[in-house]
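Please open the model in the viewer and keep the selection panel at hand.

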Amino acid sequence: MAEPLIPTVDLSPFTKNDEDGKKKAMEVITKACSEYGFFQIVNHGVPINLLQRALELSKVFFEYPSDEKLKSSPASNAPLPAGYNTQPQQSPDKNEYLLMFPPGSTFNVFPQNPPDFKRVLEDVFSKLTETGLLVETIVNQCLGLPPNFLKEYNHDRSWDFMVALRYFPATESENNGLTEHEDSNCISLVFQDEAGGLEVRKDGEWIPVIPAKGTLVVNISDVIQVIQHHLFFFVIKVNIKKFT
């Protein structure tokens, strides 16, 4: 039996004022929210070559020696560790990451190398913000919330953040990644490389979200679950399996 797929939605009707296309897309999103808490989007407005460039530069950065990466360590006063960091040694999650707040935030700590990394990250952040605002508006309508409810609830965008994550290779004894969890915000956008690893639990089964070129993954997170009185409930994990 073929594995079930996370629904994919074309966002182009929302930029072309295609009312019939909008209606069909919203029907898919509403169903996806109730059945998965996830859906994928295409024609979302974020240039694919920009996303690919961000992945390429992230891979270059994470291959640097530790002493080079640690030059971008977070400041002690940051509310979240903006900059480069790794999970604690005893953590079950095995990854290193680079976190940033919106461009211009005084908490941001960017690597000096690769040279173009800072500009690319800021461009990606700005584009993802535009797409996130559009998705937020669409989800607000799909869930039957008052007009602009999510926009007003989430009006302070200074705490939006973006993370580049690198998961360490699996070992002989364990599959590494990120343990099952629920995101504690409103909406998360995810862009995977070709390795994949993202999985969604539906009806007690873990469904892999297969990477597809040009696709972003949308996760409807905890805040919306609470607003909807847990009508929507979903859990995710990232599983980096050992390949032989």
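Which strands does helix H5 lie across? Select residues 117–142: helix H5 lies across S2, S7 and S10, and runs at about 130° to S7. Helices (H or I, at least four residues) and strands (E, at least two) are DSSP runs, numbered from the N terminus. Axes are lines fitted to C-alpha atoms, for helices over the stretch in contact (heavy atoms within 4.5 Å), and angles run from 0 to 180 degrees between N-to-C directions.

This is a predicted model, in which local features need pLDDT of at least 70 and side-chain atom pairs count only at pLDDT 80 or more, while totals for chains, interfaces and linings use all residues. Residues are numbered from 1 along each chain as its sequence is written, and side-chain values use heavy atoms, with hydrogens and water left out.

Next, display the sheet. Its 4 strands form an open sheet in the order S1-S2-S10-S7, with mixed pairing (two strands pair if DSSP finds at least two bridges between them). Strands S1 (8–10) and S7 (187–190) stand at the edges with a single partner strand each, so one side of each lacks a neighbour in the sheet. From one strand to the next, the twist averages 30°.

Now select residues 38–42 and 216–220. Strands S2 and S10 run antiparallel and are joined by 4 bridges; Phe38 stands opposite Asn219 in S10.

Return to helix H5 and select Glu136.

Finally, show the whole chain, which has 7 helices and 11 strands.
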